[in-house]
Amino acid sequence: MGRVALVTGGTRGIGAAIAIALKGSGYTVASTFAGNVEKAHAFRDETGIAVFQWDVGDAAACAAGIAEVEAAVGPVEILVNNAGITRDGWFHKMDYDAWSAVLRTNLDSMFTMTRPVIEGMRDRGFGRIINISSINGQKGQLGQVNYSAAKAGVIGFTKALALENARKGITVNCICPGYIDTDMVAGVPEKVLEGIIAQIPVGRLGNADEIGAVVGYLASDQSAFMTGAVLTINGGQYIAN
Ligand code: NDP
């Protein structure tokens, strides 16, 4: 059996592609999801990847869920913090619920998911933590003050945690995807999406498996010298605008 990898939000979209890529590289993979049971079970049946349901914003649920995963497949050696949501709207109209839901799922989850696994990684002298941020955490985006703040926080979290664990065989990196063709982007109004694609030099949305392939590298032993990195995968959008 390969190393154990846990992917949050790993039952659809980018997370599903990551889980499939890791399984394809021989890892023992577990995926989590929030509430879409039907989709998660279809993913499990199709891929043979074990799925677990809990809210990544809930610290107690994460601790219990990770204990359940570790009892089933062994200590988590690779953690992919991928689960995320958007609750878009201009800041001057935004209510506190939209702010806190996004901060909780996208940023608090860095703590609630990573804290229970980091001591074991340090003790064993090996770990890979891969966090999914966003191009909009790097550059900001209209209507996404909450999301941009959370995703920028993920970058700071990644760099500081990388420094603390660099001597322990643990790397911590983050990926900032541009616009990837998933359910999340399907929620963007068509006109807005057309405008976004016009700003992407390669002229298209990204595919989830283009992120999965990079996570596969970051999870590997060969990536040991890469830590605290922020990888932009966005069809050139960040440099073009
Ligand atoms: P999707 O909306 O397609 O999938 C989200 C996944 O996260 C689902 O598995 C969902 O579970 C899970 N999830 C959501 N909230 C929670 C929660 N509170 N607890 C546990 N799991 C949760 O998202 P994408 O694949 O598009 O995005 C994945 C990540 O990539 C996110 O962090 C996103 O911000 C980031 N990203 C996406 C971009 C894009 O263009 N798509 C661009 C840049 C970054 P369930 O199915 O049960 O709802």
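**Exercise 1.** Determine the angle at which α1 and helix α9 (residues 208–219) pack, and classify the orientation.

*Solution.* The model is predicted: local features need pLDDT of at least 70, side-chain atom pairs count only at pLDDT 80 or more, and totals for chains, interfaces and linings use all residues. Residues are numbered from 1 along each chain as its sequence is written.

Step 1. Helices are DSSP runs (H or I, at least four residues; strands are E, at least two), numbered from the N terminus. Axes are lines fitted to C-alpha atoms, for helices over the stretch in contact, with angles from 0 to 180 degrees between N-to-C directions. For α1 and α9 the angle is about 50°, and the axes are 8 Å apart.

Step 2. α1 is therefore oblique to α9. Angles under 35 degrees count as roughly parallel, over 145 as roughly antiparallel, 65 to 115 as roughly perpendicular and the rest as oblique.

Step 3. Contact requires C-beta atoms, placed from the backbone, within 7 Å. Among the residues making the contact are Gly-13, Ile-14 and Ala-17 of α1 and Ile-211, Gly-212 and Val-215 of α9.

Step 4. By class, this contact of α1 with α9 has twelve nonpolar, three polar and one charged residues. Here Ala, Val, Leu, Ile, Met, Phe, Trp, Tyr, Cys and Pro count as nonpolar, Asp, Glu, Lys and Arg as charged, and the others, Gly among them, as polar.

**Exercise 2.** Describe how α4 packs with α3 and with α6.

*Solution.* Step 1. Helix α3 (residues 59–73) and helix α4 (residues 96–124) meet at about 40°, their axes being 9 Å apart; they are therefore oblique to each other. Their crossing is right-handed.

Step 1. Ala-59, Cys-62, Ala-63 and Ile-66 of α3 touch Thr-112, Met-113, Pro-116 and Val-117 of α4. The class count is seven nonpolar, one polar and no charged residues.

Step 2. The axes of α4 and helix α6 (residues 145–165) cross at roughly 15° and come within 9 Å, so the two helices are roughly parallel. The crossing of α4 and α6 is also right-handed.

Step 3. The contact of α4 with α6 includes Trp-99 and Arg-122 of α4 and Tyr-147 and Lys-151 of α6. By class it has ten nonpolar, four polar and two charged residues.

**Exercise 3.** Which of the 30 residues around the ligand come nearest?

*Solution.* Step 1. A residue is near if its C-beta atom, placed from the backbone, lies within 6 Å. Gly-9, Gly-13, Gly-84, Thr-182 and Met-184 come nearest to the ligand.

Step 1. α1 (13–24), β2 (28–33) and α7 (183–186) each supply at least two residues of the shell.

Step 2. The shell has twelve nonpolar, 14 polar and four charged residues.

Terms used:
A crossing is left-handed if the near helix is turned anticlockwise from the far one by less than a right angle, and right-handed if clockwise. Two residues are in contact if their C-beta atoms, placed from the backbone, lie within 7 Å.
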